[in-house]
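Okay, thanks for coming, everyone. I'd like to walk you through one model today, so let me put it up on the screen.

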Number of protein chains: 2
Amino acid sequence: MASGSWEEFFAVHLPPTDFEDNRSLLKEFCKRHDQYGNKIVLVTSGGTTVPLEHNTVRFVDNFSAGTRGSASAEYFLEHGYAVIFMHRQKSLEPFTRHFSGQKLLDMLDLQERGPNTTITVKPDSVFALAPVLARYQAAHAAGALLHVSFTTVSEYFWLLRAACECLAHTGARALLYLAAAVSDFYVPKDRVPTHKMQSASGPPVIQLNLVPKMLAPLVNLWVPEAYVVSFKLETDENLLITKARAALEKYKHKMVVANLLQTRHQRVILVSPDANQEIVLTREEVHAGVDIEATIVAEIVRLHADHIAGVAPR
Amino acid sequence: MASGSWEEFFAVHLPPTDFEDNRSLLKEFCKRHDQYGNKIVLVTSGGTTVPLEHNTVRFVDNFSAGTRGSASAEYFLEHGYAVIFMHRQKSLEPFTRHFSGQKLLDMLDLQERGPNTTITVKPDSVFALAPVLARYQAAHAAGALLHVSFTTVSEYFWLLRAACECLAHTGARALLYLAAAVSDFYVPKDRVPTHKMQSASGPPVIQLNLVPKMLAPLVNLWVPEAYVVSFKLETDENLLITKARAALEKYKHKMVVANLLQTRHQRVILVSPDANQEIVLTREEVHAGVDIEATIVAEIVRLHADHIAGVAPR
């Protein structure tokens, strides 16, 4: 096994403790939706951590609140997809993303009457909350949304591979929308100290290794018939398209959604083998709170339908 | 100026963009409560980040959900304190900590009747939500709780010093409860790259510097009359008391709350110059969801009252 290969990564990093529970959930979910011939999307969302200690006090994190993934999951549900929402614990989630905890408490009126106490949503908040709540309840009633969560980059990869194992049966109806911000680096297990690093021993040097590129086995081996979309976040405009196109050529998947950290909520470029398609929100749309994910998802849903139609039935 | 001094840290790191707004809020809050002779506690909560890039994609983080700080803030309010809750953005907050976004949505019943649509809390959830909501509303109606937030370690220090400037006037009635998990290390400004580190250039080495110990100027210069409590989180039992006592002797403040990562929700040791006082929850209390912070805060409130009584009036 070549050093730094994906096989080695799985050999060295043990599966997370709740792995079998999550694998059962994923299997049951995919099997149920496959029976109905539903389209299934795996949305990954949020950043992964790289622990610097076994008893983790410190870790390297990737910037991501989960805005892109959580919004996109809602739009895939609207397009009739079954959605596996694989997210960083405590990152934004579909529906609840609209209301932080405090905002929700501020919406409530308390009528204290002892055992007959009631709590109602203030009339002027019903307008904003009702449509979101209706969509939330509908998605859950239909069993169309499965949440699974990760924290470390190793937990992420274990879950990703398990989801792919289930989605392999879904064939071309499977869509992978890999919006999570996955660490490129990790600290090899044998270099992670057991206890908290002591500042008295002087400032530490953290030596990081490159994480193996999981997109290669994912596209070639795990879900070869699926429509795979990856994301590329950069801060330097000059590198953006070049790097997106290089990834596409290297991994041979269907699309890279390229975006800059500074403008990611109003502009993305859908980079596919034969086109660069720019999606830009107008200033008015940004002010009106329009989600750019509505357009991104609509476009990908259209391309995924073409992909399904073009693939020979299994 | 000695290299690595706190003066140098403030000289090199610019104040956060919303700094003046927060400083005004802090001033107004302290002035108002000082007029009434109220006791004021500064509760810091959550972890600080150390950015690895100016356009931050990656950062080193300290493990802390904000459990200790957010729970403690509620108990200080119950003891009649005015509370400055200085927390990491998106970490747990008092009152809302009891209900994640999803839990709250699950509590709601939607009665869709067009313009007369109403949303009510399900009767079986009122029992759990009503007392928390009542305390939340009371704290806000009384103007007894101020939220200010930080993300990076430099934002944390700027806010901490600003809060201390205001609390200096509060004298012995000020209590500092420094529960935030503050990074010991940072990447000096001139070594932080502007753009996202590129994995193509090979695995990076992160060289960290020691953060200056702010507890020294805080105790000696900024709030010399206040009752100052710091926290020590370790993973190695053998180091815990030794390190807590060493901090106490070095900084001459009033108390170190010592706790182990693994058992921090059921056991802490209040280390003061003349005693080690252990607080342990029974297994029954842990299962019943008792907050150990109720006991920690009650004990510190008692000691703070002694401190106020023992200090000559200003």
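Predicted model: local features only at pLDDT ≥ 70, side-chain atom pairs only at ≥ 80, totals over all residues.

**Where the two chains meet**

Let's begin with polar contacts: across the interface of chain B and chain A, the rule finds ten residue pairs in polar contact, both partners at pLDDT 80 or more.

How much area is buried between chain B and chain A? About 5700 Å², with carbon and sulfur atoms giving 63% of that. On the chain B side, Q102(B), L105(B) and I119(B) lose the most area to chain A, together 11% of what that side buries. Counting residues, 61 of chain B are in contact with 61 of chain A.

There are salt bridges here too, and the rule finds two across this interface. One pairing is D184(B) with R58(A), where the closest N and O atoms sit 2.7 Å apart.

Over all chains, the structure holds 34 of them. Take D184(A), whose side chain meets that of K213(A) at 3.7 Å, N to O. That pair links distant parts of the chain, 29 residues apart: D184(A) is in the loop between β8 and β9 of chain A, and K213(A) is in the loop between β11 and α7. Is D184(A) buried or exposed? It counts as buried, because its relative accessibility is 16%. K213(A), at 39%, counts as partly exposed.

R302(B) and E299(B) bridge at 2.6 Å, and both lie in helix α10 (residues 292–310) of chain B, three residues apart, about one turn. R302(B) is partly exposed at 45%, while E299(B) counts as buried at 14%. There's also a network in chain A, where salt bridges with shared partners join E74(A), E78(A), R97(A), R135(A) and D291(A).

Last stop, the nonpolar side. The largest nonpolar core has 115 residues, and L176(A), L218(A), L176(B) and L218(B) touch the most other members. A second, separate core of 90 residues includes A71(A), Y136(B), I279(B) and I300(B).

Definitions and conventions. Residues numbered from 1 in each chain as written. Chains lettered and ligands numbered in written order. Heavy atoms only, no water. Core = buried A, V, L, I, M, F, W, Y, C linked by side-chain atoms within 4.5 Å. Buried < 20%, exposed > 50% of the residue type's maximum accessible area, 1.4 Å probe, protein only. Contact = heavy atoms within 4.5 Å. Buried area = accessible area lost by both parts, 1.4 Å probe. Salt bridge = Lys/Arg side-chain N within 4 Å of Asp/Glu carboxyl O. Polar contact = N/O pair within 3.5 Å; in protein donor to acceptor, adjacent residues only side chain to side chain. Helix = DSSP H or I, 4+ residues; strand = E, 2+ residues; numbered from the N terminus.
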